[in-house]
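Open the model in your viewer and keep the selection tool at hand. The stops below say what to select and what is there.

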Amino acid sequence: MYTYGNLMDDIAYLNSIGVETGSIGSSLLGNKIFYIHVGKKDRKQIIITGGIHARENVTALLVMRQAYRLIGQDSIGIFFVPMVNPDGALLIEKGASAAGIYEPLVRKVNGSDDFSLWKANARAVDLNINFDAKFGLGKGNITYPAPQGYIGAGPFSEPETAALRNFTLSVRPVFTVSYHALGRELYWYFGQKDERDRRMAYRVADYLRYRAVDGDLSSTGGYKDWCVMQGIPAVTIEIGSDKFSHPLSEADVAEDIKRNLDLPQKIVELYKEIYM
């Protein structure tokens, strides 16, 4: 398990060696949502996120390893946000007591002391359906607190999604990647007409040896969906073979970490070829 404590240790180390780190904002419980920046600030930027679903924190490990891989590079700038949902990660690691004033809520909602399959934040909102992108219209969306699937009181009702929205608008990236697990699939479509987006998605999927999914609007309200609506090309990448089940270990996704480790550099290369 890659924990919030592991993330803070990595951030402290990177900061100590001169790598730019910071926070895009704080979670519902006041935990910082950290970022790492590599490359130049005066060039086009990419945002890569992980850990928006608590039980998928192997994606946070992957994003952190990608950041380490690129320390010292000076091409296109990349912001890595490894763990968008730190409160959910703490719930998985420490149980209901980690939810603070929301402990009674999460205990009631979860129905047990085992939070290993929890996806949501400390208010039992599924953060990746809380963005203003056909909000509440996704298959499986629900309107009450739950370990997964609850859309929240309204778009950006949660500080985590509001922080990622504000950060994205301030950076104005040319491309975003959202890591999830599992299935070895890549999602890119949200009604856009630009054929370059499809070409980019298929080239990335071919590089990873994952399946690109066309025309799937069954899931809405996600970060990728919102980015597309803002005119920002974006993909959601699901790591991990579907022969596994949650919670995933590092060993379960070892092959996927290998496939994805150099993807940021590949995205830079493909972006220049397709969009510039």
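This is a predicted model: local features need pLDDT of at least 70, side-chain atom pairs count only at pLDDT 80 or more; totals for chains, interfaces and linings use all residues.

Residues are numbered from 1 along each chain as its sequence is written, and side-chain values use heavy atoms, with hydrogens and water left out.

**The largest pocket**

Select His53, Lys119, Asn128, Ser219 and Glu238, which lie nearest the centre of the largest pocket among its 26 lining residues. Two or more lining residues come from each of β5 (175–181), α7 and β8 (234–239). The space in this pocket is about 610 Å³. A pocket here is an open set of points on a 1 Å grid over the protein atoms alone, where a 1.4 Å probe fits, with protein on both sides within 12 Å along at least five of seven lines; lining residues have an atom within 4 Å of a point. Its volume is the space filled by probe spheres set on the points, which are joined across faces, edges and corners.

**Helix α7**

With three residues, α7 gives the most to that lining. Helices (H or I, at least four residues) and strands (E, at least two) are DSSP runs, numbered from the N terminus. Now select Val228, in α7 (residues 223–229). Is Val228 buried or exposed? Val228 is buried, at 10% relative accessible area; buried means under 20%, exposed over 50% and partly exposed in between (1.4 Å probe, protein chains only). Leaving aside residues up to four places away in sequence, Val228 touches Trp188, Phe190, Gln192 and Ala234, a contact being heavy atoms within 4.5 Å. Gln192 is 36 residues from Val228 in sequence, yet the C-alpha atoms are 7.1 Å apart.

**Salt bridges**

Next, select Glu273 and Arg203, whose side chains meet in a salt bridge (2.8 Å, N to O). The pair links distant parts of the chain, 70 residues apart: Glu273 is in helix α9 (residues 263–275) and Arg203 in helix α6 (residues 195–208). A salt bridge is a side-chain nitrogen of Lys or Arg within 4 Å of a carboxyl oxygen of Asp or Glu, and the count comes to 15.

Move to Arg259 and Glu255, another salt bridge, with the closest N and O atoms 3.1 Å apart. Both lie in helix α8 (residues 254–260), four residues apart. Arg259 is buried at 14%, whereas Glu255 is partly exposed at 30%.
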